[in-house]
Amino acid sequence: MASSSYSSSPCAACKFLRRKCMPDCVFAPYFPPEEPQKFANVHKVFGASNVSKLLNEVPTYQREDAVNSLAFEAEARLKDPVYGCVGAISVLQRQVIRLQRELDVTNANLIRYAYNEMRPRPPLPSLPADQSSGFYYPYQWIDPNCDEDKERSSGGNV
């Protein structure tokens, strides 16, 4: 957030570097005194001189975005010195892929459910007692000709 008015308090960069904050300070609009950690992180990772050179080379209208990118990268680099923001981006990409797969499965299930609810269901075919399909339902497990099975199905003595 670039601020158009400068207070008497030095910007976070000048305060950190222990120098006088001049009215034309390149850091002042982007490192306000209320955010000292933002500059400390950027300085630790990139160095004040490099940031100053970068800000002077970038067009004024892009400087705020550049500083925000530097601050994000610096914070990510301090948290993960090896991968920095690339590690955070990779984690987020994997999460997006996982969530997309989950969404695809959920949509497929929803379509399947909607299709089954909308189509008329045919009546179950009934087979004659002497014809076997190879599959038996639990009620077919009991042999009506067997006294032992009759006893079990009636729950008592026959």
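Buried denotes under 20% relative accessible area, exposed over 50%, and partly exposed the range in between (1.4 Å probe, protein chains only). The model is predicted, so that local features need pLDDT of at least 70 and side-chain atom pairs count only at pLDDT 80 or more, while totals for chains, interfaces and linings use all residues. Residues are numbered from 1 along each chain as its sequence is written, and side-chain values use heavy atoms, with hydrogens and water left out.

**View 1. Asn68 in helix α4.** Asn68 lies in helix α4, residues 63–79 (helices are DSSP runs of H or I with at least four residues, strands runs of E with at least two, numbered from the N terminus). Its relative accessible area is 36%, and Asn68 is therefore partly exposed. Between Asn68 and Val42, the C-alpha to C-alpha distance is 9.9 Å, at a sequence separation of 26 residues.

**View 2. Packing of α3 with α4.** Helix α3 (residues 48–57) packs with α4 at an angle of about 150 degrees, their axes being 9 Å apart (axes are lines fitted to C-alpha atoms over the stretch in contact, and angles run from 0 to 180 degrees between N-to-C directions). The two helices are therefore roughly antiparallel, a term for angles over 145 degrees.

**View 3. Residues joining α3 and α4.** From α3, the contact (heavy atoms within 4.5 Å) involves Val51, Leu54, Leu55 and Asn56, and from α4 Arg63, Ala66, Val67 and Leu70.

**View 4. The chain as a whole.** The chain holds six helices and zero strands. Buried residues account for 22% of its 158 residues.

Note on methods:
Angles under 35 degrees count as roughly parallel, over 145 as roughly antiparallel, 65 to 115 as roughly perpendicular and the rest as oblique.
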